[in-house]
Amino acid sequence: MNPKNFDKNPAEAASEAGGSFIGAELRVDAADEEDSPVITSQTSGQEIRRRAGEALGPLLRSMLGSAPLAPQDVCRRSSEVSFAEVDGEAVLLDLRSGHYYTLNQQGTVIWQLLTGSCDLGAVADLLCERYEVDRETAWQDLVALVHNLCCEKLATLEAPDRGRL
Amino acid sequence: MAGFELPFDIHGEPLFLKTGAKAIADAARDALGGFAVERLPAGAPLEIDLQAADGSEDLQPPRSTAVLVREVPQVAGSVPLSLYRDGCRWRFDFGGAGRLLLDPVLGRVTGCLAAPGCPAPDWAAGFVLLSAIELLRTRGRYAVHGAGLEREGRGVLVVGASGAGKTTACLSLLRAGYRCLSDDHPLLCTDGDGFQLLPFPGRIAVTQRTVSWFPELRAVEPEFRSDTRKRSFPLDRVADYSWGERCRPALLIFPRIVDWPESSVARLSGARALEELLPQTLLVLDPQLAGAQFQVMSELVRTTPAYRLHFGEDVTRLPEIVDRLLESLEV
């Protein structure tokens, strides 16, 4: 999600974001990736596993992106993520990894609603009300963001009839 | 073994350094000399026990219970850093050059260096500084990788990675009457009324290119010391340069060197400022401490205007730009 697309109103932003109401990606700091040393024979197995996980992230994300979510599913923010809202945008800090992420204004509204007290259907309804966007668009973009949050382990998903996903 | 026990008072926080190596004692005076005292102030002291490595045992790999958390290729000069969590303690391994073991609960760092006197005078000082900065974090005093300046009680914080132009900005403002808090790592803390920017006196490290912009530095060039990557000098050797006092931060500046004749500034949103600020101050070790610091930095960008400085070739014009920004804030 590139927040710069959302400095304007949702309609203007949608055109720049390829028709999406909420962008599909989290904006993540890339410092560690840029600084990653080359893997050598001295690199520990643990580090190799970590780096493999990073490399596979996009693939896993695309696989999860095709998994269906239901309106009665509940998404909950991780307690190991600290967040701060600044100028309407949320900056999230994963206290386990030190990675931080920025959500645009719509993403921030969703993040604040992911307390586990209402299901995704209710979150989509609130978005429709607040931003005058059609439900299908709101739902698809909400699902994309929730998948990204879960892939980054910033949130967990609970489905009433399927347990924790 | 003859030893050195050095007490420091870092803005009210007692810190005690113990070592058996003269090179490390000298490094401690170099890194923390501005805070040296005869006796420790009251309160539980932070402790650094840093020794010269005595045989290969001191630099053995960490215990099997330690978990590798992060690897960074370039820290403290040119050695790699591997960071391990071992229970509630954190181990910084600098290849075969040395290691530090931080216990944030006890407020203590123990460590050893393979060759504390090599390769340059600031080498061991870097270990002392890292130890002190991590310990101070546990007391709510946060070092920010930036230049801090003060004038008439108002603080300007110039934040950026190495090479972003912090020291050049610092010197440009110093010659215009601003006073220095640090050219590399001032401290930030909160009090009942908001934030305080605290001085961290030390040597000023410059490149040859920086010297070329400020003719007044040529007069003290014979006193320059060759450090690991740069050359350094004591600030008070230059007429009209002086140390400042604790103050309230009024302005955040994030420089980016550009190949333009003229510098310019653009307002940064709070979220963008926080994105720029976090990598220059926050090393996530203990989650609780990191969470607390994150909230402090978030509040800083909420309450302090931030600007991107496109730092052009007119480096000595910076005071004019900063003065104008500060005046606009008054309005």
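**Figure 1. B:R141 and B:E13 are both buried**. Buried stands for under 20% relative accessible area, exposed for over 50% and partly exposed for values in between (1.4 Å probe, protein chains only). The model is predicted: local features need pLDDT of at least 70, side-chain atom pairs count only at pLDDT 80 or more, and totals for chains, interfaces and linings use all residues. Side-chain values use heavy atoms, without hydrogens and water, residues are numbered from 1 along each chain as its sequence is written, and chains are lettered from A. B:R141 and B:E13 form a salt bridge, with 3.9 Å between the closest N and O atoms; the term covers a side-chain nitrogen of Lys or Arg within 4 Å of a carboxyl oxygen of Asp or Glu. This pair links distant parts of the chain, 128 residues apart: B:R141 is in the loop between α2 and β9 of chain B, and B:E13 is in strand β2 of chain B. Helices (H or I, at least four residues) and strands (E, at least two) are DSSP runs numbered from the N terminus.

**Figure 2. B:E13 also meets B:R139 in a salt bridge, at 2.8 Å from N to O**. Strand β2 (residues 13-19) of chain B holds B:E13, while B:R139 lies in the loop between α2 (121-137) and β9 (142-143) of chain B, so the pair ties together parts that are 126 residues apart in sequence. The relative accessible area of B:E13 is 13%. B:R139 is partly exposed, at 27% relative accessibility.

**Figure 3. The side chains of B:R237 and B:E223 form a salt bridge of 2.5 Å, N to O**. The two residues are 14 apart and link distant parts of the chain: B:R237 sits in the loop between β17 (231-234) and β18 (248-257) of chain B, and B:E223 in the loop between α4 (208-213) and β16 (225-226) of chain B. Both ends are partly exposed, B:R237 with 45% relative accessibility and B:E223 with a relative accessible area of 39%.

**Figure 4. A network of salt bridges with shared partners joins A:E80, A:D94 and A:R96**. Over all chains, the count is 28 salt bridges.

**Figure 5. One salt bridge is found across the interface of chain B and chain A**. Its partners are A:E89 and B:R272, whose closest N and O atoms are 3.0 Å apart. On the side of chain B that touches chain A, the elements giving two or more residues are β4 (67-75), α5 (270-277) and α6 (287-303) of chain B. The largest share, eight residues, comes from α6(B). By class, this side has 13 nonpolar residues (Ala, Val, Leu, Ile, Met, Phe, Trp, Tyr, Cys and Pro), five charged (Asp, Glu, Lys and Arg) and five polar (the others, Gly among them).

**Figure 6. Chain B and chain A bury about 2,000 Å² between them**. This is the accessible area (1.4 Å probe) that the two parts lose on being put together, summed over both. Carbon and sulfur atoms give 58% of the buried area. In chain B, B:R272, B:E275 and B:F294 lose the most area to chain A, together 25% of what that side buries. Contact, meaning heavy atoms within 4.5 Å, involves 23 residues of chain B and 23 residues of chain A.
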